Amino acid sequence: MAKVDASNMLGVLAAFPRQCEEAIGLGTHIKVKPPVNAVVVCGMGGSALGAGILKSYLNEKIPFFIVRDYTIPPWLNKNTLVFIVSYSGNTEETLSCYAEAKRRECTVVCISSDGKLRELAARDGTHTIDVPRGMMPRDSLGYQSIPVLNVLMNSGIISPTNELNSLARIIKQDVRDKASPIAERMLNKIPIIYSSEKMACYAKIWKAKINENAKVQAFANVFPELNHNEMVGFTNTLGEYYMVIIEDEEDHERTKKRMQITKEFMQ
């Protein structure tokens, strides 16, 4: 195992509940003034994964947008709450978004462990949430998502929730017995992760972690869009694939039906 897991990912996963417990205490000191017309999270790679989880969790309760680029949308203004998330603090695209958000006089909150972003925030007097150093950005999902919820709750943008208190307890479940057979079936194959649009962030996270941790190609897509194009490509397969379909009880009933039919078609 030590040879295969040289980065000790099993240890990182085992520590994730503790990370979430610590993250519950971050961002509680920040309260932004109304009005807030939208929430925007700017980040790249692993630093943007938490934003996807938040968007799914909030389920359109507020206008919520994710920017993975050098520029922010032109409609952002002083009533927009912008979270600038860069675990290293040196991400080129995210620093560009920070500068533009400040020029537009947006309300800005930075999340970082170090780097240029922290320096700029200190210089400008910008709200900052400091997270622990020494991790891969993709492994700091708790630190980069839960504090955002705290700010939104503190500011009255979303209603307070007690769900965070039970989060760590829920994710302490040991899932290795379920994960091992899936990993074995994926071996030497190209993983493809499918989900509904609502659950797309989880499919993307799984894909990204396979790319970065296992150093192999993996792909993700969403229902029902994939039934209108990507599915047709499997009539002429050019590789060995292993498909995972993420299902959720709140998925649209027609989407659930599409998932079942697609599963049968692929088999």
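Start by selecting Met1, which sits in the segment before helix H1 (9-14), where helices are DSSP runs of H or I with at least four residues, strands are runs of E with at least two, and both are numbered from the N terminus. The model is a predicted one, in which local features need pLDDT of at least 70 and side-chain atom pairs count only at pLDDT 80 or more, while totals for chains, interfaces and linings use all residues. Residues are numbered from 1 along each chain as its sequence is written, and side-chain values use heavy atoms, with hydrogens and water left out.

Met1 counts as exposed because its relative accessibility is 68%; buried means under 20% relative accessible area, exposed over 50%, and partly exposed in between, with a 1.4 Å probe and protein chains only.

Next, select Pro34 and Pro35, which are joined by a cis peptide bond with omega of about 0 degrees; Pro35 belongs to the loop between helix H2 (16-23) and strand S1 (38-42).

Move on to Glu60, in the loop between H3 and S2, which is not a glycine and yet has a positive phi of about 65 degrees. Glu60 counts as exposed because its relative accessibility is 75%.

Then select Asn188, in the loop between helix H8 (176-186) and strand S6 (190-196), where phi is again positive, near 65 degrees, in a residue other than glycine. With a relative accessible area of 73%, Asn188 is exposed.

Finish at Phe223 and Pro224, whose linking peptide bond is cis, with omega near 0 degrees; Pro224 lies in the loop between strand S7 (219-223) and strand S8 (241-245).
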